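Visitor: I'd like to learn how to read the features of a model like this one. Could you walk me through it?

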Amino acid sequence: MVSPALADKRATLSPPKAEAEKRELGQFFTPPALADFVASFFQRPLQHWRLIDAGAGGGALTLASVRHLVAQDPRPISFHVTAYEVDPDALQILGSTLETCAELCARHRIAFSSEVRSEDFIAHTTAALDQALFAPALRTFNAAIVNPPYRKLAVGSPAHRQLAAVGIEVTNLYAGFLALLARLLEPESELVAIVPRSFCNGPYFLPFRRDFLARMALRRIHVFESRNAAFAAEAVLQENIILRAERGGSAPATVEVSSSRGDLGDTIRSRLLPWSEIVQPEDPQAFIRLSASDREHAAVASLAELTGTLADLGIKVSTGKVVDFRAREHLRAAPEPAAHPLLYPCHFEAGALVWPKLTGKKPNAIAASPERTDLLVPAATYVVVRRFSAKEERKRIVASLIDPARLPSATTWLGIENHLNYFHAAGQGLAPDLARGLLAYLNWSVVDDYFRHFNGHTQVNATDLRSLPYPSASTLAALGRDFAALPAVPPQAELDALVASHCVSFSR
């Protein structure tokens, strides 16, 4: 049982702070119940704990770790924590939390000690790793726990330069924290972290994935299926995971992947998956694939027999060429005789092109010469996929068709805005039947479920779309002919049945 006094302290582990300031710092403090769940991931029995809590905040994770270890049998002999925190408000609460930790340990005859470092974790640790003159000594640890700050790292920023100086290439603070902790842990030591899932895929995190997987062996990953499950009180719609990884050693034979739908009281579903399904040996992108739900697991099994790639189809996928703020002088609100159609995501409804939209906020045309191949593509049949889905949208992949018949007959060129990915054949359009088959396939619910097992955020990158398995060209063309024969875009259940009849035998 938790005493009333301790409960009061645990309830104040997140210092009051304006929402804008928290987001500027990348701070999202760990609620006590979530902290207890995160700390429960530690499995290695230790007699003498030397824990590092990087970005400790009010100390919720350290306190949860102490609560976890005092319940062990046998209990450890000693516990030392090194906590990094720079926020003055959090530091005041951290001191009180560490006193509570000392009380708990004393009650269970565990020697407790702590060190609070009120300095930037990245700056201090990279200096120690760099080992320049007057650099601080490098200390190592046998356990680490972290809820790191989540914020993009601008190229050339101090933290970016400090990390690059020790060979760490990352685009977000949280990845920098994980990469440094992997270097501070002793062999076989455990790292437990709650972080965004975004590092699991995408080209920007590829150097980090390679570095982290070379140093750490993933043992367990827990996925929160709801975006607001982990930090509901903070109004954070971020898909988070909890991971447990061990320093050094070879990749494990299996990894435990668990999931829960929402609140921490929900039922936890768990399965052991082969490592080769988590990180496929032949995948040059080293995606970390997590079948969190039964739907995703079923989708992976259903598409296992599809081994085709976009390259096999002679198809490429690229991001739209028009970055509007860089081409302002060419943009036109309405069509003009010397301008070409410009297509944004808003120009597509229910999979079909609707152009122009004169009552909307986006431009409808681009006035550029045909020589501007950096802005224009030939007017032809393409399939487009929005690069960003809404936070709680039902589907991640939303595909539409650019049908030139829906544009003025004199159209020879068009612009595709950068918030769209477009499928093409070496810069040219696709055969209509192939394009319609690809459209139907990408809008299939099974493909969307499959996509979610490696994509845990709202962005749909061209790299992600290349990583999907695809049917053969003949299968897509046959599907496209059947799709074109329908009087309109069918409801989702009807579309799913049509695609399944061509691709695999699948039933929900």
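Visitor: Let's start with salt bridges: how far apart are the closest N and O atoms of R50 and E186?
Guide: A salt bridge here is a side-chain nitrogen of Lys or Arg within 4 Å of a carboxyl oxygen of Asp or Glu. In this predicted model, R50 and E186 form one, with their closest N and O atoms 3.0 Å apart. R50 sits in strand β1 (residues 48-54) and E186 in strand β5 (residues 185-196), so the bridge ties together parts that are 136 residues apart in sequence. Helices (H or I, at least four residues) and strands (E, at least two) are DSSP runs, numbered from the N terminus.

Visitor: Before we go on, what should I know about the numbering and the cut-offs?
Guide: Residues are numbered from 1 along each chain as its sequence is written, and side-chain values use heavy atoms, with hydrogens and water left out. Because this is a predicted model, local features need pLDDT of at least 70 and side-chain atom pairs count only at pLDDT 80 or more, while totals for chains, interfaces and linings use all residues.

Visitor: Which residue does R139 bridge to?
Guide: R139 forms a salt bridge with E115, with 2.5 Å between the closest N and O atoms. R139 is in the loop between α6 and β4 (141-146) and E115 in strand β3 (residues 111-117), so parts 24 residues apart in sequence are tied together. R139 counts as partly exposed at 35% relative accessibility, and E115 does too at 24%.

Visitor: And where do R197 and E239 lie?
Guide: First the bridge: their side chains meet at 2.9 Å, N to O. R197 lies in the loop between β5 and α9 (206-215) and E239 in the loop between β6 (216-224) and β7 (240-247), so this pair ties together parts 42 residues apart in sequence. R197 is buried at 1% relative accessibility, and E239 is buried at 5%. Bridges can also share partners: E115, R117, E119 and R139 are joined into one network that way. Searching the whole structure gives 22 salt bridges.

Visitor: How many aromatic pairs are there?
Guide: Rings of Phe, Tyr and Trp (its six-membered ring) pair if their centres lie within 6.5 Å; planes under 30 degrees apart count as stacked, over 60 as edge-to-face and the rest as tilted. That rule gives 18 aromatic pairs. Take Y84 and F121: the ring centres are 5.1 Å apart and the planes at 75 degrees, so the pair is edge-to-face. Y84 belongs to strand β2 (residues 78-84) and F121 to helix α6 (residues 121-130), so the pair ties together parts 37 residues apart in sequence. Y84 and F121 are both buried. Elsewhere, ring pairs link Y150, Y174, F199, F205, F208 and F212 into a cluster.

Visitor: Now strands. Which strand does β1 run parallel to?
Guide: Strands of a sheet pair through backbone hydrogen bonds, either parallel or antiparallel. Two strands count as paired if DSSP finds at least two bridges between them. Here β1 runs parallel to β2, joined by 7 bridges, and I52 has T82 in β2 as its bridge partner. In β1, 5 of the 7 residues are buried, so the strand is largely enclosed by the rest of the structure.

Visitor: What is the strand order in the open sheet?
Guide: The order is β11-β15-β12-β19-β16, 5 strands with mixed pairing. β11 (331-332) and β16 (377-378) stand at the edges with a single partner strand each, so one side of each has no neighbour in the sheet. β11 pairs with β15 (residues 365-366) in the antiparallel sense over 2 bridges, where L331 has I366 as its bridge partner.

Visitor: Last one: what does helix α14 pack against?
Guide: Contact means heavy atoms within 4.5 Å. The buried residues of α14 pack against α11 (294-302), α13 (432-442), α15 (462-466) and α17 (492-503). α14 (residues 445-452) is mostly covered, with 8 of its 8 residues buried; among them are Y450 and F451.

Note on methods:
Buried < 20%, exposed > 50% of the residue type's maximum accessible area, 1.4 Å probe, protein only.
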